[in-house]
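Open the model in your viewer and get ready to click through it one stop at a time. At each stop you will get something to select and a short account of what is there.

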Amino acid sequence: MNFNGEMLTLARQRAGTTQKELSATTGVPASTISRMEAGLMRLPQPDTIEKLASAVGVPVAFFDRPDEVRHLGLHRLYRLQRKVNARELDRLEAELNIRRLHF
């Protein structure tokens with residue numbers, strides 16, 4: 001299995017959670033999650049991957065995707081409207097990316 005850290009970021013943002021919150025939920029150190037998302041850990045331990053997949057609600061195979069995440073720039077579009085917070089914009093962008101990858 002190849003591990004794509006961008007897919008972890010995407011799944012985490014879609015779940016609406018931060019690295020720190022995901023760390024508290026799974027017991028995986030936030031520094032490890034950060035390194036995984038940055039692509040600095042090529043092949044994390046299988047039990048770590050399973051914990052993270054379960055916590056963000058995706059199958060383990062989701063992290064094996066070679067796809068690249070596209071940043072849609074939603075923050076720039078809604079910058080002037082303070083009604084939507086940054087976390088919600090990240091969650092929305094992640095959801096759109098996942099749906100794009102599905103097709």
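Start by selecting Arg87 and Glu21 and showing their side chains: in this predicted model, the two meet in a salt bridge, at 3.2 Å from N to O. Arg87 belongs to helix 6 and Glu21 to helix 2, so this pair ties together parts that are 66 residues apart in sequence. Arg87 is partly exposed, with a relative accessible area of 38%, and Glu21 is also partly exposed, at 34%. If you wonder what brings such partners together, side chains of opposite charge can pair when their charged atoms come close.

Thr17 sits in the loop between helix 1 and helix 2. Is Thr17 buried or exposed? With a relative accessible area of 16%, Thr17 is buried, because the cut-off for buried is under 20%. Setting aside neighbours within four places in sequence, Thr17 is in contact with Arg12 and Leu22.

**Next stop: helix 2**

Select residues 19-26, which make up helix 2. Which residues of helix 2 are buried? Colour Leu22, Ser23 and Thr26 to see them. Look down the axis of helix 2: the buried residues fall within an arc of 105 degrees, so they line one face of the helix. A handy rule for reading such views is that an α-helix has 3.6 residues a turn, so residues three or four places apart point the same way.

Now turn to the other side of helix 2, where Lys20, Ala24 and Thr25 are exposed. To see what covers the buried residues, show helix 1 (5-14), helix 3 (30-37) and helix 4 (46-56), which are included in that cover. Before you leave, click Gly27, which follows helix 2 and has a positive phi, near 85 degrees.

Select Glu37 and Arg12, whose side chains meet in one of them, at 2.6 Å from N to O. Glu37 lies in helix 3 and Arg12 in helix 1, so the pair links parts that are 25 residues apart in sequence. Glu37 counts as buried at 12% relative accessibility, and Arg12 counts as buried at 10%.

Then select Glu95 and Arg14, which form a salt bridge at 2.8 Å from N to O. Here Glu95 lies in helix 6 and Arg14 in helix 1, so the pair ties together parts that are 81 residues apart in sequence. Glu95 is buried, with a relative accessible area of 16%, whereas Arg14 is partly exposed at 31%.

**Last stop: the nonpolar core**

In soluble globular proteins, nonpolar side chains tend to be buried together. Here the largest nonpolar core has 19 residues. Select Leu8, Leu10, Leu52, Val58, Phe62 and Phe63, which have the most contacts inside this core. The elements giving two or more residues to the core are helix 1, helix 3, helix 4 and helix 6 (86-102).

Finish by zooming in on Leu8. Which residues does Leu8 touch, not counting those up to four places away in sequence? They are Phe3, Leu22, Ile33, Met36, Glu37, Leu52 and Phe63.

Key. Residues numbered from 1 in each chain as written. Predicted model: local features only at pLDDT ≥ 70, side-chain atom pairs only at ≥ 80, totals over all residues. Heavy atoms only, no water. Buried < 20%, exposed > 50% of the residue type's maximum accessible area, 1.4 Å probe, protein only. Helix = DSSP H or I, 4+ residues; strand = E, 2+ residues; numbered from the N terminus. Arc of directions from axis to C-beta. Contact = heavy atoms within 4.5 Å. Core = buried A, V, L, I, M, F, W, Y, C linked by side-chain atoms within 4.5 Å. Salt bridge = Lys/Arg side-chain N within 4 Å of Asp/Glu carboxyl O.
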